[in-house]
Amino acid sequence: MSAPAPSPLAIVDAEPLPRQEEVLTDAALAFVAELHRLFTPRRDELLARRAERRAEIARTSTLDFLPETAQIREGDWKVAPAPAALNDRRVEITGPTDRKMTINALNSGAKVWLADFEDASAPTWENVVLGQRNLIDAYERRIDFTDPKSGKTYALKPAEELATVVMRPRGWHLDERHLQFDGRPVPGALVDFGLYFFHNAKRLIELGKGPYFYLPKTESHLEARLWNEIFVFAQDYVGIPQGSVRATVLIETITAAYEMEEILYELRDHAAGLNAGRWDYLFSIVKNFRDGGPKFVLPDRNAVTMTAPFMRAYTELLVRTCHKRGAHAIGGMAAFIPSRRDAEVNKVAFEKVKADKDREAADGFDGSWVAHPDLVPIAMASFDAVLGDKPNQKERLREDVSVAPGDLIAIDSLDARPTYEGLRNAVQVGTRYIEAWLRGLGAVAIFNLMEDAATAEISRSQIWQWINAGVVFENGEKATPELARKVAAEELAAIRAEIGEDAFAAGKWQQAHDLLLHVSLDADYADFLTLPAYDQLVG
């Protein structure tokens, strides 16, 4: 198919960036314009459908498997076989696409790198465009990096030692204000996917791999269907075989947990697997059941482990669903960041990471996520012990698993309550993360954990839920807007004392404090924190 001429109505509203002309070519922008013209109207309809479904959940306080798709769940079908480059996914590392991370992630020893334009990346135009440039440079092996502080130089290892890239575009809800066609901004998902696919799809096939994607924030099989239509169009547009694309869907919303089979079915010619995304999943539960009464009130986020009954139902159903349909089941994140100063902190954390990865491997997962290269050997050992020389364990069908609809939302099956310290932690982490995000950083080390936007979402959602549910903490204090403001003021003062007046003034601390309180206390619950935050993001 010949590419049409670039739209005369394309507007790039941003200051020029180094080498941006290599990314924002006329041909690439023409492709993005076609994606926008053909698929944004359906995106808009699906976002409206999300709101309708949320209103239905507010009315009923329940969810169920879809009766109208029973034939899919009962049918005999499989997803397309995994390509060789994605058959062994036992350890995947995640992170943004800045130059240093690109080299370190590819060199990390992990089988896969989730190159992230979503929750681990604040969507400044610089991050969006230069992240694309870094990936192009990596595939052309013309990428290096010298740390200006340490003078240390980073370069790629030989090609056979590099991780396979699975790129994650932004979710459907975010627009890209810096790129407009026909007078309206393009969805960030289509910008990220379109630029990456156009520049790299053919090159990746020549390298023995392919254009592989992680799809975030999916809420229904109809949204997966839209992605499938985009893949079919895109492959024809650039002239590569149908089925070259592979997509792994993050099951990180409660509604998607009820449609796992349908999601795989819609993408079956392009599906690679499903992933269990913990923090966004908990955020989605709070968002959807926030007015469902006491039985839906989550305790402190750190008290909700993957062994909680409703979380176990979710992960076991995911493994069973994937293996029934021939897809990979990818486990959750080990977010610990090793300390260079405290060996005891590392020892305790490494033991927790090992236990978590041992459990996932034993449960039948085919791989799992880590946030730091030092965790790759730990996770690798857990999966090596179970897999041996096998690339995956999709033959483990887990037919012993039986999950009823109510099991996935049995929040009150967890014997834990919100605590005052949990409130304080939510304020601390939310403030620190938002401040970094407003400065253009999406992956942030906070209290020895690598946090991303999902962390801030669950933090502010729990504050909102606890106040609206009238939670009384163990110290007798009731969750109120006044208490949240008091804690937030204390934490802001503590940060000021910790980092000093100059650093405090140079940061965006007051702005982060104000935004956290806005999204935590406003009666009109914001669907995504990143929507009001994007209005304040510079660049």
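1. A salt bridge is taken here as a side-chain nitrogen of Lys or Arg within 4 Å of a carboxyl oxygen of Asp or Glu. Arginine 203 and glutamate 140 meet that condition, with their closest N and O atoms 2.8 Å apart. The pair links distant parts of the chain, its members being 63 residues apart. Arginine 203 belongs to helix 5 (residues 188–206), and glutamate 140 sits in the loop between helix 4 (125–139) and strand 4 (144–146). Glutamate 140 is partly exposed, at a relative accessible area of 33%. The model is a predicted one, and the distances in this note should be read accordingly.

2. Overall composition. The chain contains 18 helices and 15 strands. Its radius of gyration is 22 Å, close to the 24 Å that the globule rule gives for 539 residues, so the chain is as compact as a globular protein of that length. The C-alpha trace spans about 70 × 60 × 50 Å along its principal axes. Of the 539 residues, 59% are buried. Among contacts with a separation of 6 or more, 78% are between residues 24 or more positions apart. The accessible surface is about 20,700 Å², and carbon and sulfur atoms account for 53% of that area.

3. Nonpolar cores. The largest nonpolar core has 130 residues, and the residues with the most contacts inside it are Trp113, Phe193, Phe197, Ile251, Phe310 and Leu408. A second, separate core has 35 residues, including Tyr420, Ile446, Ile467 and Ala512. In soluble globular proteins, nonpolar side chains tend to be buried together.

4. Surroundings of isoleucine 251. Which residues does isoleucine 251 contact, leaving aside its neighbours within four places in sequence? They are Ala256, Ala257, Met260, Ile263, Leu274, Asn275, Ala276, Gly277, Tyr281, Tyr314 and Leu318.

5. Salt bridges elsewhere. The count for the model is 52 salt bridges. One of them joins the side chains of arginine 142 and aspartate 137, at 3.5 Å from N to O.

6. Aspartate 356 forms a salt bridge with arginine 359, and their closest N and O atoms are 2.5 Å apart. Both residues lie in helix 11 (residues 343–363), 3 residues apart, about one turn of the helix. Arginine 359 counts as buried, at 15% relative accessibility. Through shared partners, salt bridges join Arg312, Glu316, Asp356, Lys357, Arg359, Glu360, Asp363, Arg398 and Asp400 into one network.

7. Asparagine 346. This residue also lies in helix 11. Asparagine 346 is buried, with a relative accessible area of 12%. Not counting residues up to four places away in sequence, asparagine 346 touches Phe336, Pro338 and Ser339.

8. Threonine 431. Is threonine 431 buried or exposed? At 3% relative accessibility, threonine 431 counts as buried, because the cut-off for that class is under 20%. Threonine 431 lies in helix 13 (residues 420–438). A polar atom of the threonine 431 side chain is 2.7 Å from the backbone oxygen of valine 427. Not counting residues up to four places away in sequence, threonine 431 touches Ile495, Trp509, Ala512, His513 and Leu516. Of these, Ala512 is one of the residues in the second core.

9. Alanine 80. This residue is in the loop between helix 2 (70–74) and strand 2 (91–96). Although in a loop, alanine 80 is buried, with a relative accessible area of 17%. Alanine 80 contacts Arg246, Arg268, Asp269 and Ala271, leaving aside its neighbours within four places in sequence. From C-alpha to C-alpha, alanine 80 is 9.2 Å from arginine 325 in space, while the two are 245 residues apart in sequence.

10. Helix 3. Helix 3 (residues 99–107) is mostly covered, with 7 of its 9 residues buried. The buried residues are Arg99, Met101, Thr102, Ile103, Ala105, Leu106 and Asn107. What do they pack against? Their packing partners are strand 2, strand 3 (112–116), helix 4, strand 4, strand 5 (153–155) and strand 6 (164–168). Helix 3 is followed by glycine 109, whose phi is positive, near 95°.

Definitions and conventions
Residues are numbered from 1 along each chain as its sequence is written. This is a predicted model: local features need pLDDT of at least 70, side-chain atom pairs count only at pLDDT 80 or more; totals for chains, interfaces and linings use all residues. Side-chain values use heavy atoms; hydrogens and water are left out. A nonpolar core is a set of buried Ala, Val, Leu, Ile, Met, Phe, Trp, Tyr and Cys residues joined through side-chain atoms within 4.5 Å. Buried means under 20% relative accessible area, exposed over 50%, partly exposed in between (1.4 Å probe, protein chains only). Contact means heavy atoms within 4.5 Å. Helices (H or I, at least four residues) and strands (E, at least two) are DSSP runs, numbered from the N terminus. A polar contact is a pair of N or O atoms within 3.5 Å; within protein, one must be able to donate a hydrogen and the other to accept it, and residues adjacent in sequence count only if both atoms are side-chain atoms. The radius of gyration is taken over C-alpha atoms; the globule rule is 2.2 Å times the number of residues to the power 0.38. Accessible areas come from the Shrake-Rupley method with a 1.4 Å probe; for residues, only the protein chains shown count as cover.
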